[in-house]
Amino acid sequence: TANDSTKTYWVDLSATNLTIDSGGSINVTSKGYAVFQGPGKLGSGQYTGGSYGGLGGLAPAWGGVSGPTYGSLTAPVDLGSGGSNNGTNGGGAVKLTVSGTTTVNGSIMANSNTAAYAPGSGGSIYITTGTLAGAGSIAANGGNESFGGMGSGGGGRIALYYTSKTFSGTVTVFGGTTGN
């Protein structure tokens, strides 16, 4: 389900085989919960990154508490939470059920974008497949904070289930970095 740029994006796809070629992508970056929204939104204080699989970063000068982590570790389907003041949306959600081979030479992304102050968390990627192949990237990273001294976004969640694997690419669920 894909809506306009102010709405959330969910990709829920079932197929026999799926190939994402080099240069191609399934991309739901910053298509999760909006700023100040979601289960991992700002706990207290200002300029706090969104939480999901990992805690959102805090702005030391502003104090406060990060929003809570949430969702399933083994079957992640939740959207990432938005950051706070002047932040970004969290990452969207991707669920792929492929009975044959899933080849990822491009990318599957459920990240949050960089923000000057308090970006959102990464979203979720949940793949069940016969064979996982390719050399691309799978990422649900929290957003980076570019101003310096404010909170960054927490990492999202990824679960990969397969019978066989020849995938040699990268899988990341990093929390974001700060500008300083």
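The tour goes from the sheet to the core, and then to the aromatic rings.

Before you click: this is a predicted model, in which local features need pLDDT of at least 70, side-chain atom pairs count only at pLDDT 80 or more, and totals for chains, interfaces and linings use all residues. Residues are numbered from 1 along each chain as its sequence is written, and side-chain values use heavy atoms, with hydrogens and water left out.

Stop 1: Show the cartoon and look for four strands in the order 3-5-7-9, an open sheet with parallel pairing. Strands here are DSSP runs of E with at least two residues, numbered from the N terminus, and two of them pair if DSSP finds at least two bridges between them. Select 25-27 and 170-172: strand 3 and strand 9 are the edges, each with a single partner strand, so one side of each has no neighbour in the sheet. Next, pick 107-109 and 137-139, where strand 5 and strand 7 pair over three parallel bridges. Ser107 has Ser137 as its bridge partner.

**Stop 2: the core.** Now select Ile26, Val94, Leu96, Ile108, Ile125, Ile127 and Ile138, which touch the most other members of the largest nonpolar core, a set of 17 residues. Such a core consists of buried Ala, Val, Leu, Ile, Met, Phe, Trp, Tyr and Cys residues joined through side-chain atoms within 4.5 Å. Strand 4 gives the largest share, four residues. Centre on Val94, whose contacts (heavy atoms within 4.5 Å) include Val11, Ile26 and Ile108.

**Stop 3: Leu18.** This residue lies in strand 2. Is Leu18 buried or exposed? Leu18 is buried at 14% relative accessible area; buried means under 20%, exposed over 50% and partly exposed in between, with a 1.4 Å probe and protein chains only.

**Stop 4: the rings.** Finally, display Tyr47, Tyr117 and Phe147, a cluster linked by ring pairs. Rings of Phe, Tyr and Trp (its six-membered ring) pair if their centres lie within 6.5 Å; planes under 30 degrees apart count as stacked, over 60 as edge-to-face and the rest as tilted. The structure holds four aromatic pairs. Tyr47 and Tyr117 are tilted, at 5.2 Å between centres and 40 degrees between planes, and they sit 70 residues apart in the chain. Tyr47 is buried at 13%, whereas Tyr117 is partly exposed at 21%. Tyr117 and Phe147 are also a tilted pair, with centres 5.0 Å apart and planes at 40 degrees.

How values were computed: Lists of a residue's contacts leave out its neighbours within four places in sequence.
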